[in-house]
Amino acid sequence: MKNRHGLIALALGVSVVSTALVAGPDDYGLVPRAVAEGVWVVEGARESFSRENGGNIVNTGFVATDDGIVVIDTGPSRRYGEQLRAAAARVAPGKVARVFVTHAHPDHFLGDQAFGDVPILALPGTRAAIARAGEKLSANLYQLVGGWMLGTEVVTPAVDAVPGPVRIGGRDFRLLALSGHTSDDLAILDERTKTLFAGDLAFLDRTPTTPNADLPRWLDALDTLQRLDVRLIVPGHGPVVAAPRAIVQTRAYLRWLGDTLHSAAGRGMDMNEVMRLSPPPEFASLSVSREEFVRSVVHLYPRIEEESLRKASTGKP
Amino acid sequence: MRARAFAVVLGLVCSLAARAAERAPDPLHSPVWDAMVARHLDGQAVTFDDRVRVGVPESAEDPLAVPVDVDASALGRVDEIRLIADLNPIPLILAYRPGRAAPRIGLRFKVEQSTPVRAAVRTPDGVWHVGGAWLRASGGGCTAPSFGTGSGLWRDRLNEVSGALWPRDDGGQRLKLRVIHPMDTGLAGGIPAFYVETVKLADASGNELATLHPYEPVSENPVFTFDLPTRGAVTVTGRDLQGNPIAGRVAP
């Protein structure tokens, strides 16, 4: 409790300081870009969370239907959610029909507050994870981005997303329940334009993140996505691209990561020694590669290392 | 009487000031470094020494398990390594007497807030050689209950030892050792301190290799990395704070 007050005070302090220094610091400057007929994407910075970017490192998007827009992910804060809704209304006036949250990471659902009057859907596991860990994720993000988060509260999606075909306002979508980036990852295909919102199952030119990853499952999910008839991919982070480049790059990185960690454990390397390894040029050129590799070692290596150890005999020699 | 007491106090203050002045300034600018020297380095001579290499990531992705490795092999013979996180509620992480092993060790520890992380390495002349780095952390690692305490894991497998050996090019071998233990700090409400206190390593002929004293901040179910001078089976003995024995034999 004491911590929480300290945090709010800190956030306030930062907000005051940045207001004094920069004009419009709480303006994310969101510009929706039309990528296909009735499909817009708001692309975030290919960075890590910082006080400069306010957590806007994520891609969100929306699709026009006869009943209003379908919003996919709500961003890292209340303010982002509100600005996303306002920016969407400028290019696609009318109501918001539905909101989908792809997974339980804070940059994808903390803008939910701005859509309190709209059904917000997510996979059951995602809803449970947000209900369980949302506050902690939100507090973490406060620490990382500061005043941008003012007024942000966790809103758990109230409705289950059901995998399979769904028609909203005369437009057909397909919902896919996958896993690997987290325990529950929702991918959404707009059938009309064959645009795939891949959530964080696909990254492009920005190193994938792994705090809740299961690499084998993630690779399976990528295989599933690549088998779909898709024209355009909207990755969770990185530029929108013709299929299947984002999938191919994400798969190659995850394979390299898994192979590197297993081989290191097999050779008895200590965790810090593994952190000092360098990704090959192909992956070192992705943004924030060093940072994310070090984080991934922390997330994934202890379990892999454990597999390299055997139970000791208890008898004397 | 009063004047004499004053003179004694003045003398004490002067000698403390003189000693502080003799000591090189802390390159990490820790607010509590002098207290660390007094409490954890027995007030002995200290020198900051680049030959003591401390590997920590820039920030603590998981405050319950921050990886750290120390390499003091550039110093030659080493009697003891102490690992200290100045601003942790419990700063002393471990004391390691490498004996015949290389003066290197790797492990993971819990962190409560951003802090300098140091290795103080005592050479046979009694001087502590200190190296270190700042670790950024948002905290919570020391005051959280261990997972095992909640799951009951340690009731069935407490002090279970696992490990593996890898031959090294220098003719020795690497040992990784894992002990199932909650390593409770005593700072989480209602859970007393309970941690592995002593781990001793001996070679296949029973000759002592090295002795490790972990403290509260070492992570739950700790994994330690050691570099040993000879190859072959290693016998592990030790105990935790309640006197429960630790015993195992790791064979190649």
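A residue counts as buried when its relative accessible area is under 20%, as exposed over 50%, and as partly exposed in between, using a 1.4 Å probe and protein chains only. A:Val240 has 17% relative accessibility and therefore counts as buried. This is a predicted model, in which local features need pLDDT of at least 70 and side-chain atom pairs count only at pLDDT 80 or more, while totals for chains, interfaces and linings use all residues; side-chain values use heavy atoms, with hydrogens and water left out. Residues are numbered from 1 along each chain as its sequence is written, and chains are lettered from A and ligands numbered from 1 in the order in which they are written.

A:Val240 lies in the loop between β12 (232–237) and β13 (241–242) of chain A. Helices (H or I, at least four residues) and strands (E, at least two) are DSSP runs numbered from the N terminus. Apart from neighbours within four places in sequence, the contacts (heavy atoms within 4.5 Å) of A:Val240 include A:Arg33, A:Val35, A:Val41 and A:Glu43. A:Leu196 is 44 residues from A:Val240 in sequence, and the two are 9.8 Å apart in space, C-alpha to C-alpha.

Next come the helices. Axes are lines fitted to C-alpha atoms, for helices over the stretch in contact, and angles run from 0 to 180 degrees between N-to-C directions. Angles under 35 degrees count as roughly parallel, over 145 as roughly antiparallel, 65 to 115 as roughly perpendicular, and the rest as oblique. In chain A, the axes of helix α5 (residues 215–227) and α6(A) come within 10 Å and cross at roughly 160°, which makes α5(A) roughly antiparallel to α6(A). Among the residues that meet here are A:Trp218 and A:Leu222 in α5(A), and A:Leu254 and A:Leu257 in α6(A).

Helix α6 (residues 245–266) of chain A also packs with helix α9 (residues 289–307) of chain A, at an angle of about 50° and with axes 9 Å apart. The two helices are therefore oblique to each other. A:Trp256 and A:Leu261 are among the residues of α6(A) in this contact, and A:Phe293 and A:Leu300 among those of α9(A).

Chain B has four helices and 15 strands. Of its 252 residues, 54% count as buried. Among contacts in chain B between residues at least 6 apart in sequence, 66% join residues at least 24 apart.
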